[in-house]
Amino acid sequence: MNKKFGVKILSTGSYFPKKVLTNADLEKIVETSDEWISARTGIQERRISEKNEYTSDLAYKASLEALKTANITPEQIDLILVATVTPDMFFPSTACFLQKKLGLMSIPAFDLSAACSGFIYGITTARAFIESGLYKTILLVGAEELSKITDWTDRNTCVLFGDGAGAMILSASEESDDVLSTYIGADASYSDLLFIPAGGTVNPATVETVNAKMHTTKMQGRDVFKAAVQKMAFAAQKALEFSGKNLEDIKLFIPHQANMRIIEAVAKKIGISMNSVFVNIHKTGNISSATTITALDEAIKTGKLQNGDIVELIAFGGGFTWGAAVIRV
Ligand code: UT7
């Protein structure tokens, strides 16, 4: 592709619902223990949205923060992308609801579905739109309310997930090139290891599908774990290679926060110290497409990253999908 512009990352923002669900709270819901959850996953608590607080509400609040940090008005945005597997509705898209909440009209808005790799797919898409010259200022959001697609009687999954949203504003630039590389992949041979069986055209909603709890996340944890380690390490190496940078050039690695043991295994496989890996899973749990962007935002806010630092975001999720992006903040 003939590249017309570079990409400048103007800002990030994030938002979490107020309600905290601790491991101790979960002990009262299913047969589990703080000890098991902490040791096997690294998660201590997660945020849970209210009944009347929707994915687009979290997306909106994260977006407002990103707009404020970038010091731009919503009117300066010319495309909205929302990565999510927990949209407000099948349609209209959550991006459309977000557009309305931002008081915008006419600009294009659409959702991206790539499960936990959604934000990396989103950066890849935003980058292509900007580099081609098609859009100039893009609001990219990863927003999820996984609590609303969770079977709260299934201890294999309900201890893992949480809610939250992160936003990034990217714009066309003649000087900067903050997205050094992206790499994404997918393999549907494993689609039944991590999925929601019903609600789509395969199993439309019926009384039976609801009673059989087919509208909530199902996962073969051990198999997903193994694939996550392999694919995240592979994606990290690929994106690094495409960026022309070395491991030493990366100030911080920000992997998808699904399981502390996965994060440690990926770090070992890539050959990096855990000192250069950002972790906030203990506070958030797995928030799918919102993990890497909320973690990036926290790393910036807490001073772990300074202007000009190079970061690698790495993700893996249902599909399977995977990806990594080397960016300058
Ligand atoms: O975001 C997309 C990517 N998602 C992931 O990457 C998640 C990948 N998978 C995982 O993180 C892990 O596989 C889990 C955290 C889901 C499970 O950890 P594990 O070490 O693989 O445990 P396991 O599934 O092999 O289960 C071990 C034992 C079982 O008991 P038995 O059969 O050994 O008696 C489970 O029944 O732990 C039991 N168990 C629990 N015990 C207490 C499973 N869940 C729980 C629980 N509390 N919540």
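From which domains does the lining of the second largest pocket draw at least three residues each?

Modeller: From domain 1 (6-176) and domain 2 (180-328). Those domain bounds come from an automatic or database domain assignment.

First, some ground rules. This is a predicted model, where local features need pLDDT of at least 70 and side-chain atom pairs need 80 or more, while totals for chains, interfaces and linings use all residues. Residues are numbered from 1 along each chain as its sequence is written, and side-chain values use heavy atoms, without hydrogens or water.

Now the pocket. The second largest pocket has a volume of about 280 Å³. Its lining has 17 residues, and L10, S11, I300, N307 and V329 are the closest to its centre. β1 (6-15), α3 (55-70) and α11 (291-301) each give two or more residues to this lining. β1 gives the most, with five residues. By class, the lining has five nonpolar, six polar and six charged residues.

What counts as a pocket? On a 1 Å grid over the protein atoms alone, it is an open set of points with protein on both sides within 12 Å along at least five of seven lines; lining residues have an atom within 4 Å of a point. Grid points are joined across faces, edges and corners, and the volume is the space filled by probe spheres set on them. Helices (H or I, at least four residues) and strands (E, at least two) are DSSP runs, numbered from the N terminus. Ala, Val, Leu, Ile, Met, Phe, Trp, Tyr, Cys and Pro count as nonpolar; Asp, Glu, Lys and Arg count as charged; the others, Gly among them, count as polar.

For context, turn to the ligand. Domain 1 and domain 2 both give residues to its shell, so the ligand lies between them. There are 23 residues around the ligand (a heavy atom within 4 Å). T32, R40, R222, N259 and N286 come nearest. The largest share of the shell, four residues, comes from α8. The shell has eleven nonpolar, seven polar and five charged residues.

Look at the side chains too. An N or O atom in the side chain of R40 is 2.8 Å from a ligand oxygen. For N259, that kind of pair is 2.7 Å apart. A polar side-chain atom of R261 lies 2.8 Å from an oxygen atom of the ligand. Such a pair of N or O atoms within 3.5 Å is a polar contact.

Definitions and conventions: Polar contact = N/O pair within 3.5 Å; in protein donor to acceptor, adjacent residues only side chain to side chain. 1 Å grid on protein atoms, 1.4 Å probe; cavity = no way out; pocket = protein on both sides within 12 Å on 5 of 7 lines; lining within 4 Å.
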